[in-house]
Amino acid sequence: MGFGARRVLRFLLLVLLLPVPGAAGAAALPLVVNTWAFRKATETAWYTLQSGGSELDAVERGCAQCEIDQCDGSVGFGGSPDEHGETTLDAMIMDGDTMEVGAVADLRRIKNAIGVARKVIQHTKHTLLVGESASLFAESMGFPCEDLTTQNSLSIYLKWLYQSCQPNYWKNVIPDASKSCGPYKQAKQLNSEEWINSQKRINIHNHDTIGMIVIGGSGHVAVGTSTNGAVHKIQGRVGDSPIAGAGAYADSTSGGAAATGDGDIMMRFLPSYQAVEYMRTGTDPTTACQKVISRIQKYVPYFFGAVICANTTGSYGAACNKVPGFTQFHFMVYSPLLNQPSEFQDTV
């Protein structure tokens, strides 16, 4: 076989191995998969593995990279101010060998949320720490106390106030939350149509999260998430990201999954846990993702969300709920079959 023919053959083999939207990705380990086009986070996780770091190290450093980069304004400091203008963070990390989970929610004044979540595993017998107490724990672990507000987050907050606090997350209150700011009091009568109609007014830039799956060469699975939550959320709100089984889930006997989107909806269905359980029964990753999205659609047709899945052989896939403005979900992959972190999309 001549040199030219060999080049053509190698090219054809590469094309056959590359995943296509809606199909399971080719199997190879180790593997890094994460939500959205957060390339630098993918690279950081991959090179952590290549330099001898563990799967948990890779997840922690990969998600931390997004916290530093303020990925898409939806991860890390200086984004998604709540209804009082404060940025708070949620994160979790899970070991699929030991089933240990460390998570923090409503974290204040600490920029490295995924790092604090890892310390919950390493230095406590707990799983989830929240609010001011989580921040005090972080400080006791040596994390610096820093202001999470920036000019950008302040600008977002002030613009929202000038728009009569629209949109927001209140319902069945007085004064009318669709027209004015609070303080609110409960209305005497409940209006179920108000919630149904609100689901159709989707802001697709309001719920992004980095969710990451790392599977080592031996099949050890670790997952993690980090986010600053929904923009203009009610203070104290916790979404799906720091909840094991909702934001992410890992089990080294089957695989890992992570979710992104409207956490208030998605957390009610534990999509990451359900996807891993589907893979345990032999369902391929793409189909597992599709099935959990379909399950939510039956109850909330208009929700904004997507799931990534990977099994312990290194196959991977993703699925999203198609809504106006969101028909393609982008995610990143790095494996031995790819020369660099590569962006794929799912249109399911």
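Predicted model: local features only at pLDDT ≥ 70, side-chain atom pairs only at ≥ 80, totals over all residues.
In the model, local features need pLDDT of at least 70, side-chain atom pairs count only at pLDDT 80 or more, and totals for chains, interfaces and linings use all residues. Residues are numbered from 1 along each chain as its sequence is written, and side-chain values use heavy atoms, with hydrogens and water left out.

**Exercise 1.** Find the place of L161 and state whether L161 is buried, partly exposed or exposed.

Solution. Start with the fold: L161 belongs to helix α6, residues 151-162 (a DSSP run of H or I, at least four residues; strands are E runs of at least two). Next, take its relative accessible area, 31%. Buried means under 20%, exposed over 50%, and partly exposed in between (1.4 Å probe, protein chains only), so L161 is partly exposed.

**Exercise 2.** Locate R237 and V238, then classify each by accessibility.

Solution. First, R237 sits in the loop between β8 (221-227) and β9 (248-251), and V238 is in the loop between β8 and β9. Then apply the cut-offs: R237 has 15% relative accessibility and therefore counts as buried, while V238, at 27%, is partly exposed. As a side note, an unreviewed UniProt entry lists R237 and V238 among the residues of a "binding site"; such annotations may be inferred rather than shown by experiment.
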